[in-house]
Structures are given as structure tokens and as C-alpha cells.
Amino acid sequence: MDAFEKVRAKLETQPQEEYEIINAEIKHGGFVYYQEGCCLVRSKDEEDNDNYEVLFNLEKLKLDQPFIDCIRVAPDEKYVAAKIRTEDSEASTCVVVKLCDQPVMEASFPNVSSFEWVKDEEDEDVLFYTFQRNLRCHDVYRATFGDNKRNERFYTEKDPSFFVFLYLTKDSRFLTINIMNKTTSEVWLIDGSSPWDPPVLIQKRIHGVLYYVEHRDDELYILTNVGEPTEFKLMRTADDAPAIMNWDLFFTMKRNTKVVDLDMFKDHCVLFLKHSNLLYVNVIGLADDSVRSLKLPPWACGFIMDTSSDPKNCPFQLCSPIRPPKYYTYKFAEGKLFEETGHEDPIIKTSRVLRLEAKSKDGKLVPMTVFHKTDSEHLQKKPLLVHVYGAYGIDLKMNFRPERRILVDDGWILAYCHVRGGGELGLQWHTDGCLTKKLNGLADLEACIKTLHDQGFSQPCLTTLTAFSAGGVLAGALCNSNPELLRAVTLEAPFLDVLNTMMDTTLPLTLEELEEWGNPSSDEKHKKYIKRYCPYQNIKPQHYPSVHITAYENDERVPLKGIVNYTEKLKKAVMNHTKNTGEGYQAPNIILDIQPGGNHVIEDSQKKITAQIKFLYEELGLDSTTVFENLKKYLKF
């Protein structure tokens, strides 16, 4: 239900085991709009890459290596809008191009987050967009172009803990203004054919109630957690009676189910689900309320949604950390799922994926996804790379990463630990790992690593851990509480100083994240609890694993100051422990790599990938010759 463009890049596997990143594209009318080199272009034939029309040259913006993050085309194709940003910054610019014989940039707007087109009663195109300032998105604007040019603020959210994003329903009937924080939402409807009329409120915000809206045939389909159990369920109501008292239960999910996405078609509603750590697609027939549940291949770990206007087919992609995306299409007429044919990735035969569970200390079963080579022998002697996140109800990222595939090919075991605080088993899974239950996530992580060792997967001296952003909380906490489980740790833009950050309300995200971490400024219980697990607060003179931290100079989400303070304190603790231990003790390496730029996490940074892999191989005393040779097949050094 994410209103932002779900997929910025599409990966295509080549027989030579190379992959190509394709920027965002959108189909509208008889054209495909996409990025070609440094230009926004459109083509009548998707397969004919040499026959396209240049609409706008991104170099005019004078940005360093700009790329198109999202594209929206006006209903009658008079205009196209594109959001453009760079890898080293979260700032973005939205350009509006007039489509004519000589396309020309009509306008540009800075710091745009989400945006959508509608057409008014006079057949005039109206662009609605949200303005983001200091990572906070509170303002909605609407603009027109041509002879009747105007740009006006339409809505401002007053509560600093909420943010605003726009979503156009699949049938373009309504533009929705979604006002949300971590636990509560409120949605307003703008008539897609009368955008100047006042918006209609669906349901005033109720603390703890989340809901998202789609539309079909005069009915609203509402994905919401209202009622018991407090997991997502699908409800519907007439679009002229949208209030909560009119919502009728339409479809409920099984326990331990995460709703990944929902797509609406003329006669069907498709739910993309994760149940007990496996992927499913549920196809609901809206004419007869029939339900068809499809269990997807066990190798698949994640969905990539395809924006399609074809009423007869539902296309999507499946991927895993070691396998590039593969296309699938559900054809409603046949009632069957079809997979793309052609080159079969050899990783299917050369690797295994295992779904395991670890028992946490309170008895809760924690799912894990493990990858290793099929022909690996003596797994106890193989290096292990553990992944963890466990925050915000967000799933651990399991998209395809070529460097992860290379590690498996080189004999590594990869383990993804789906601990509480994440969203893999639904909303309750998140609730059980936030606020004053955050230590559950730490207990889950410890249980996962111990279970892996007990079942013969690697051993502590060959075990490494990686995390980014909020995942750094659990990774850093484990380094304090159970450092003997690990040999080395890599962290990227890690959140390590929870207490001081959450007490500083001048930071852009502090108020927005009180529901995740608590309010230590006003609640002494929260303050004491955060002190129990906060990585920075619990550093002490003891043995630590080696740690490699990648930080970004102008990161607004995780301030560099907190990472630098953590690193300095950790180095002092290591130094004191080394002095007191005596001769023969090999002190761990503590490395802080500060990268330029203002982005939070730069996933495709070749420099970062190279530095992290080099660090892991050196710490474990492994020969890295083969792995770097293989990296050159995937990354353009």
C-alpha cells in the first residue's frame, strides 16, 4: 500500500551472470516513459531501445549523477512529471515537462516526496504534490500549468509526529491524502474528476487504528487493523458512506501473516502475503467472493510489484538475496500463475534455502532464512554472515544483492533473522519488539545465532553480523551483551545512541519515532528501559568483536555525531580492556569509514561493498582473491 513508487530499479539477469539496473519506468497510453542515460525519454516500443523521444535532459539540473526515482503522466498525456534525485542525497526535485513537438520543462519543484495527476471539470491537468522539509512531510500543494498557471498550498498537517503522502486509487477515481504516524492513520478523498471540491474525510484518526484505501465500482476497499485481532483485515463500504461504522468485514488473514501489498483489478482483488516466513498470493473474485490462495516457490523471499493497467493479468516479480528477480503473471481468465521462461539461474541448483526457527528465552519461535552452497561440507567450519533489523514493523531487506550471491558461491552461510520488532509475522510481531519490549528483539537475535551454531552452522570465531540503520540497535546491543558469539560486525549508518537521540526533540525524526522507542524526556520508565539496551550507554571494558562502521557525512536520519561518539567510546573501552588483559591479547579493530554525501544508506555503493567484504575476509583470515574476481562480473569497478 506504499504510495511512493514501489520499485526504483528493475534487475535483469544476463546469461553471463551480469545484471543491469533499470531506472523507474511507467506505461501510459501507447508509450513507455523511462530514463535512458541522463535523459527522460518515451518510446512506443518497449523493446526498441534505439527508437525513443528525449523529453528532458537531467544534466540541466546540474546534479551529480542524477537518476529518476518516480514518473507520473498526466491523464491526457499533455504533461509528464518526474522526481529526480542523486545517490548521495535524499533531496529531490520534481520536474514537469510539457509534451509537444518540442518538449519543454514547464516547472520544477524542490523537495517533493509524493505526487499524482488528476483532471478537473475543465479538462485541465492538476498536479498534487507533497513538500518535504527536514525529513518531515506535512504540506500538500496543487498546481496547474499553461495559460492558467498557479501553485497553492492545499493542506498542512499540524501534528509533527504525522507525515503525509498521496496515492491515486487504481481506477483513478479518487486521490487519497494519507496522514500517518507509526500506529495511526487518517485518509481524505479528493474526487478525481472534481479536484477543486473540498476533500471528504473517510474516518477521523483513532489512536492505534491504521487503514489504507482502494476503490472499485462505487465501493471503498479498506485494509485496516481495526477490531480484534489487531492484524490487517480487508473491509469495504459504499464510497458515499465512508465512516468506520459502515465498514463491513470482507476478508481476514491467518495468524502470523504480513500483508505486503494489495492490488485492485476490475473483477479481482489480489493480496500479496507473507505467512510463517513463506510467500503467498491470494486472488479474491469480487463477483462471487471466491478466494484462491497460491503458495509461491520456497526460494522466493520478496515481492517486487509491477504497476500494470492490464485488467486481465496481474504481473509481479519474486526475488531473494542471492537470486535476481524473476517475472510471474497471474492470468485471471485461466486462473493460473505463469512464470517467465528462458535462462534458468544456476543458483537454484548450486545453493539451498532453509526455513528454520529458534526458540527465544520466553518460548517464542523466531523464523530464520538460511542460504548456503548445496555441495558445502563441514558447515561448522564455514563463515557465517548474520543479518538483522527488527524495528518499525519493517521486514528485513531480502532483495537481490550480487555481493551476497558471491559470498554464497565462495562458501559462506547467510542467515536472515526475522526478530520481533520487524513485521515478518504481522503487526503483533512488531508490537512485541518495540517500546518497553525492545529487549525481545535482542533475545531473539541471541537465540538465532546460538541455534545456528547448535545445528552445525559455523562457530563463533567464524560468525559475523551485519545491520544498517535501526538494525544497529540490536547489533550494537549484542556486541555489549554477548560479544563472544561474534568475530566481526559491519554496520551502515547505524542507530547507536538511542537515549540521547530520543531526548533531542530538535532532530527531524525524534517526535515521529516516539511510538517506536518511547519518550525518555517525559517518561522515566522509558528512559530507564532504553538505558538497558542502548548500545552507546552500555559500552564497557571487555572483549568486543571487530567492528566496521560506514557513516555518511550529512545523514539527517542518523546524525554523524552519535556514531562518532559511539566509535570513540568503544575504542577507549577496547584500549582499557587490552591494557588490563596483558600480553598476547589481540585487540579488535574498530574502523569508522565516513563517506561524503547526505543519503542515509547507499545500497549500490561499490566503495562501501568493497570495504565491507575486504574487512570481513581480513578479520576471518580468508583468501579474498576469488571473491573480488567474481565481484567484477557484477559491479563496474
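Colleague: What share of the contacts with a separation of 6 or more comes from residues 24 or more positions apart?
Modeller: That share is 55%, with a contact meaning heavy atoms within 4.5 Å. Keep in mind that this is a predicted model, where local features need pLDDT of at least 70, side-chain atom pairs count only at pLDDT 80 or more, and totals for chains, interfaces and linings use all residues. Residues are numbered from 1 along each chain as its sequence is written, and side-chain values use heavy atoms, with hydrogens and water left out.

Colleague: OK. How many helices and strands are there?
Modeller: Eleven helices and 38 strands. Both are DSSP runs numbered from the N terminus: helices are H or I with at least four residues, strands are E with at least two.

Colleague: And why call the protein as compact as a globular protein of that length?
Modeller: Because its radius of gyration is 25 Å, close to the 26 Å that the globule rule gives for 637 residues. The radius is taken over C-alpha atoms, and the rule is 2.2 Å times the number of residues to the power 0.38. Along the principal axes, the C-alpha atoms fill a box of roughly 85 × 60 × 50 Å.

Colleague: How much of the protein is buried?
Modeller: 57% of the 637 residues. Buried is under 20% relative accessible area, exposed is over 50%, and partly exposed is in between, using a 1.4 Å probe and protein chains only.

Colleague: Let's go local. What does strand 4 pair with?
Modeller: Strand 4 (residues 31-36) pairs antiparallel with strand 3 (residues 26-28) over three bridges. Five bridges join strand 4 to strand 5 (residues 39-43), also antiparallel. Pairing here takes at least two DSSP bridges between the strands.

Colleague: Which residues face each other?
Modeller: His28 stands opposite Phe31 in strand 4, and Gln35 has Leu40 in strand 5 as its bridge partner.

Colleague: What about the turns?
Modeller: Strands 3 and 4 form a hairpin with two residues between them, and Gly29 in that turn has a positive phi of about 60°. Strands 4 and 5 form a hairpin with two residues between them as well, where Gly37 has a positive phi of about 65°.

Colleague: Is strand 4 enclosed or open?
Modeller: Five of its six residues are buried, so strand 4 is largely enclosed by the rest of the structure.

Colleague: And Cys38, where does that sit?
Modeller: Cys38 is in the loop between strand 4 and strand 5, and at 32% relative accessibility it counts as partly exposed. Leaving out residues up to four places away in sequence, Cys38 touches Phe56, Asn57, Leu58 and Glu59. Cys38 and Lys60 are 22 residues apart in sequence and 9.7 Å apart in space, C-alpha to C-alpha.

Colleague: Switching topic: what's around His387?
Modeller: His387 is in strand 33 (residues 384-387) and counts as buried, at 7% relative accessibility. Leaving out residues up to four places away in sequence, its contacts include Leu396, Tyr416, Cys417 and Thr466. Arg404 is another residue that His387 touches, and Arg404 is one of the buried residues in helix 2.

Colleague: How covered is helix 2?
Modeller: Mostly covered: seven of the eight residues in helix 2 (residues 402-409) are buried. Just after helix 2, Gly411 takes a positive phi of about 100°.

Colleague: Last one: how many residues of helix 5 are buried?
Modeller: Ten of the eleven in helix 5 (residues 471-481), so that helix is largely enclosed by the rest of the structure. Among the buried ones are Val473, Leu474, Cys479 and Asn480.
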